[in-house]
Amino acid sequence: MTDVAIRSMTAGDAAAVLAIYQAGMDAGNASFEDTAPSWEAFDAGKLPAHRLVAVDPGDTVLGWVAASRASARQVYAGVVEHSVYVDPAAQGRGVGRALLDALVVSTEAAGIWTIQSGIFPENTASRALHRAAGFREVGVRERVGRHAGQGNRWRDVLFIERRSPLVA
């Protein structure tokens, strides 16, 4: 993976980031959503300090990771919810792991003690990636939502988290 660099996401990355997001949704096991949001909505919902892209030597975006506040309550100030997406053409090259490792560094530097997310149990690649990056599977929320893009069927969501050993 020596040909991949991690850098901060910018507005100039919007088209590539949203296209990768849409590709993940189109695959059917990444999100309850069916359509990527506008850049304005994406930008408003993500913490600027924790939005990163993986790029090749030509600065082509290969994947992205971003975090949002898990709650506005002060007691959860150190908890974020993340998303990580890799371009289908770049999968299997360590891009997702590099992005998660960089997110851990940025969140720990900011005093964040927990990174959490929900993934579909059928998304075995994401489960393996997150386990390798130090996340644990906390539990399954059964039939928590209906997936319109999948025939409006009920889907379970696996709740995962990574607790920082550095941030108390």
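The legends below describe close-up views of a predicted model. Residues are numbered from 1 along each chain as its sequence is written, and side-chain values use heavy atoms, without hydrogens or water. Because the model is predicted, local features need pLDDT of at least 70 and side-chain atom pairs count only at pLDDT 80 or more, whereas totals for chains, interfaces and linings use all residues.

View 1. The largest pocket has a volume of about 1,000 Å³. A pocket is an open set of points on a 1 Å grid over the protein atoms alone, where a 1.4 Å probe fits, with protein on both sides within 12 Å along at least five of seven lines; lining residues have an atom within 4 Å of a point. The volume is the space filled by probe spheres set on the points, which are joined across faces, edges and corners. Among the 40 lining residues, Ala-30, Val-84, Tyr-85, Asn-123 and Ser-126 are the closest to the centre of the pocket. Strand 4 gives the most to this lining, with 6 residues. Helices (H or I, at least four residues) and strands (E, at least two) are DSSP runs, numbered from the N terminus.

View 2. Arg-51 stands opposite Ala-66 in strand 3. The hairpin has 5 residues between its two strands, and Asp-59 in the turn has a positive phi of about 70°. In strand 3 (residues 61-69), 8 of the 9 residues are buried, that is, under 20% relative accessible area with a 1.4 Å probe, protein chains only.

**View 3. Strand 4 between two partners.** Strand 3 and strand 4 are antiparallel and are joined by 7 bridges. Ala-67 has His-82 of strand 4 as its bridge partner. With strand 5, strand 4 pairs in the parallel sense over 3 bridges, and Glu-81 stands opposite Gln-116 in strand 5. From strand 4 the chain crosses through helix 3 to strand 5 in a right-handed β-α-β crossover: with the strands pointing away from the viewer, the path from the first strand over the helix to the second runs clockwise.

**View 4. Strand 5 and its pairing with strand 7.** Strand 5 is largely enclosed by the rest of the structure, because 5 of its 6 residues are buried. Strand 7 runs antiparallel to strand 5, with 6 bridges joining them. Here the bridge partner of Gln-116 is Glu-161 in strand 7.

Note on methods: Buried < 20%, exposed > 50% of the residue type's maximum accessible area, 1.4 Å probe, protein only. Pairing = 2+ DSSP bridges.
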